[in-house]
Amino acid sequence: MHHSGGHSTFDNIRAGHMCTPNPTGKSTLTPTAPCDSYRYGLADIGYHYGITENGDVYQLRPINVRGAHVGGANTGTVGVVLAGNFREETVSSVQLNALRNVVGFLKTSYPSITHLAGHRDFDTSNTCPGDHLLELLPSIAVEYNLTYGTGGYKLPDYLSTPTPH
């Protein structure tokens, strides 16, 4: 893994899953098949990193480009998506190890990251990343000296500073 130019300040890693199956019934993630992004009207995939069923990791969006993976909380959040429907499937050991590697890489590369959360932690009406992935995130957070949850998320300055009238 490497990160592309530009330096951004991040405070959260947000994990999600991809539920849109291909004709084989499995969710597929490749750098040239950005899954269900088009369903949401995005020009490209909104996540920064993706992990396939085989544990392969792809950089999907340049790290210096704001993600589009969690409404209202994309600034300062690195999006990581795993292929699979973790409402129904369990996370494979190769995907789990790849997720750990990505989290470790991001924590080392961006020491400002303090939290790890799932999509549902930001939006409780959302079932992503599925219970089978969500239940693994607290222990991964502890493993990398992160806090589990969204408590570290900070609104960007332009949203948190009152505009003079």
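In what order do the elements of the protein chain run from the N terminus on? The order is β-β-β-β-α-β-α-α-α-β-α, in a model that is predicted. That gives five helices and six strands in the protein chain.

Consider next how the chain packs. Of its 165 residues, 44% count as buried. Among contacts with a separation of 6 or more, 70% join residues 24 or more positions apart. The accessible surface of the protein chain is about 8,300 Å², and carbon and sulfur atoms account for 54% of that area.

Helix α1 covers residues 93-109, 17 residues in total. From its first C-alpha to its last it spans 24 Å, close to the 24 Å expected at 1.5 Å a residue. The buried residues of α1 are Gln95, Leu96, Ala98, Leu99, Val102, Val103, Gly104, Phe105 and Leu106. An α-helix has 3.6 residues a turn, so residues three or four places apart point the same way. Within the buried set of α1, Gln95, Leu99, Val102 and Leu106 can be followed along the helix in the display.

How far can each part be trusted? The mean pLDDT of the protein chain is 74, with 64% of its residues at 70 or more. Confidence is highest in α1, at a mean of 95, and lowest in helix α5 (residues 157-160), at 52. Residues 1-7 have pLDDT below 50, yet this stretch has 21 contacts in the model beyond near neighbours in sequence. Residues 161-165 are also below 50, but this stretch has zero such contacts.

Technical notes: Residues are numbered from 1 along each chain as its sequence is written. This is a predicted model: local features need pLDDT of at least 70, side-chain atom pairs count only at pLDDT 80 or more; totals for chains, interfaces and linings use all residues. Side-chain values use heavy atoms; hydrogens and water are left out. Helices (H or I, at least four residues) and strands (E, at least two) are DSSP runs, numbered from the N terminus. Buried means under 20% relative accessible area, exposed over 50%, partly exposed in between (1.4 Å probe, protein chains only). Contact means heavy atoms within 4.5 Å. Accessible areas come from the Shrake-Rupley method with a 1.4 Å probe; for residues, only the protein chains shown count as cover. The expected span of a helix is 1.5 Å times one less than its number of residues. pLDDT is the predictor's confidence in each residue, from 0 to 100.
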